[in-house]
Amino acid sequence: MFGIGMPELLLILGLALIVLGPKKLPDLAKALGKGLAEFRRATDELKDEFRQMEREVEDSSPPASEKKDNAQPDSEDHPQAAPADSHSAPEKK
């Protein structure tokens with residue numbers, strides 16, 4: 001948890017107990033717990049929305065085999081020009 005070991009955590013809790021006092025510390029811990037729970041809930045909702053959007057995009061796009069077929073033009077429709085070869089061109093004198 002954030003690279004904090006048990007000794008550091010006990011030191012932080014001890015300082016908080018001294019600074020805030022025994023009456024306010026439980027209220028602070030309760031509020032912190034509620035805040036973290038709300039944050040976790042919000043991040044889970046955001047993750048679910050991204051997953052749903054990803055599924056919608058995957059469903060609306062054609063399968064990979066159709067994409068590959070559409071991306072390559074037929075050789076009859078679009079003949080490719082032969083590469084220029086310097087050896088086959090007639091020499092100028």
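Arg 41 and Glu 38 both sit in helix H2 (residues 25-60), three residues apart, about one turn of the helix. Helices here are DSSP runs of H or I with at least four residues, numbered from the N terminus. This is a predicted model, in which local features need pLDDT of at least 70 and side-chain atom pairs count only at pLDDT 80 or more, while totals for chains, interfaces and linings use all residues. Residues are numbered from 1 along each chain as its sequence is written, and side-chain values use heavy atoms, leaving out hydrogens and water.

A salt bridge is a side-chain nitrogen of Lys or Arg within 4 Å of a carboxyl oxygen of Asp or Glu. By this rule there are two salt bridges.

| Pair | Closest N and O atoms |
|---|---|
| Arg 41 and Glu 38 | 2.6 Å |
| Arg 51 and Asp 48 | 3.3 Å |

Arg 51 and Asp 48 are also in helix H2, and being three residues apart there, they are separated by about one helical turn. Buried means under 20% relative accessible area, exposed over 50%, and partly exposed in between (1.4 Å probe, protein chains only). Arg 41 is partly exposed because its relative accessibility is 45%. Glu 38, with a relative accessible area of 45%, is partly exposed. Asp 48 counts as partly exposed at 42% relative accessibility.

Phe 2, Ile 4, Met 6, Leu 9, Leu 10, Ile 12 and Leu 13 make a nonpolar surface patch of about 730 Å². Such patches take residues with over 30% relative accessible area and no salt bridge, nonpolar side chains (Val, Leu, Ile, Met, Phe, Trp, Tyr) being joined within 5 Å. Leu 10 lies in helix H1 (residues 6-20). Leu 10 counts as exposed because its relative accessibility is 54%.

Definitions and conventions: Patches are made of residues with over 30% relative accessible area and no salt bridge: like charges are joined within 9 Å, nonpolar side chains (Val, Leu, Ile, Met, Phe, Trp, Tyr) within 5 Å. Accessible areas come from the Shrake-Rupley method with a 1.4 Å probe; for residues, only the protein chains shown count as cover. Helices (H or I, at least four residues) and strands (E, at least two) are DSSP runs, numbered from the N terminus.
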